[in-house]
Amino acid sequence: MMEIGLNHYLVLSTILFAIGLVGVMRRKNLLLLFFATEILLNAVNVAFAAISHYYGDLTGQMFAFFVIAIAASEVAVGLGLLIVWYKRHGSIDLDALTTMKG
Amino acid sequence: MFEAVAFYLFAFLTIAMFFIVVTTSQALFALSALAAGMIFISAFFFILGADFLGAVQIIVYTGAVMALYAFGMMFFDTTRDVKEKQGNKYIIVGLSTLAAVLVVVIFAMPMVSGNIVALYPGIDGVGNTQEIGLVLFTKYLIPFELAAIMLLVAMVAGIVLAGKKMDLSITLMNEAEIEEEKNKKVLS
């Protein structure tokens, strides 16, 4: 077994980020789009923590904390908006949001 | 050796879980797989020596965010299958990979140019949690307070948006009152 280095973590982060982007592009349900954005944020957090560890710098971990705080507030506001939208239209698909079609 | 085994195991598990999240047609499966993936991600933080970050990941993501999603899903009709966007699969996968590689290149640029300097190096003789506290409450105090204000604003927004008509109980109203409520607009 070879030693696990920074590159391993960056490759893992790339794979997770790609999975999240595929989710963002192919999902129509807004709730599942939110799940995909959580995957994106987590992928970046892994990269931050790995760089923080291998360079002996705490800044990466600090940024990961702020990313987590932003994710938490995004969920609170986003879910509130989704609930209001669902009460009005009975659906949270992206198709229902195209009301400005000319 | 041990680290390598742990890394590959958790890498496989995380990728599998997140793959389920983006491919399954059941919203409940996606929710459970996402919660499991978040826990597996925290294992990487523990491997990397960021103990506090790992604990925060479990508490905030799995404890708060996923619980919030679970409660939110009770408002939506999640029993039916999720419709998918019909697009060119190769274009989607190609664009995603390209964008992900771009992100890693952005991360790797300072290392390639070699001018990376540890701004806040770890302090000898103290644990990770104490280091985090020392840096967070000296150099990052203002962002920390701003994050607190942002969370407060998000909480107020969540209550205002989702809490409309929460004081009404359908079981306690008679038919006429329910009809009257139905005719009103939800957002007034």
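Helices (H or I, at least four residues) and strands (E, at least two) are DSSP runs, numbered from the N terminus. The model is predicted: local features need pLDDT of at least 70, side-chain atom pairs count only at pLDDT 80 or more, and totals for chains, interfaces and linings use all residues. Residues are numbered from 1 along each chain as its sequence is written, and chains are lettered from A in the order in which they are written.

**Exercise 1.** State which elements chain A has and how spread out the chain is.

*Solution.* Chain A has 3 helices and 0 strands, in the order α-α-α from the N terminus. Its radius of gyration (over C-alpha atoms) is 17 Å, well over the 13 Å from the globule rule (2.2 Å times the number of residues to the power 0.38) for 102 residues, so chain A is more spread out than a compact globule. Along the principal axes, its C-alpha atoms fill a box of roughly 55 × 25 × 25 Å.

**Exercise 2.** Check the span of helix 3 (residues 51-73) of chain B.

*Solution.* The expected span is 1.5 Å times one less than the number of residues.

**Exercise 3.** Describe the side of chain A that touches chain B.

*Solution.* With contact meaning C-beta atoms, placed from the backbone, within 7 Å, 63 residues of chain A and 71 residues of chain B take part. Helix 3 of chain A gives the most to this side, with 23 residues. The side divides into 43 nonpolar (Ala, Val, Leu, Ile, Met, Phe, Trp, Tyr, Cys and Pro), 7 charged (Asp, Glu, Lys and Arg) and 13 polar (the others, Gly among them).

Definitions and conventions
Two residues are in contact if their C-beta atoms, placed from the backbone, lie within 7 Å.
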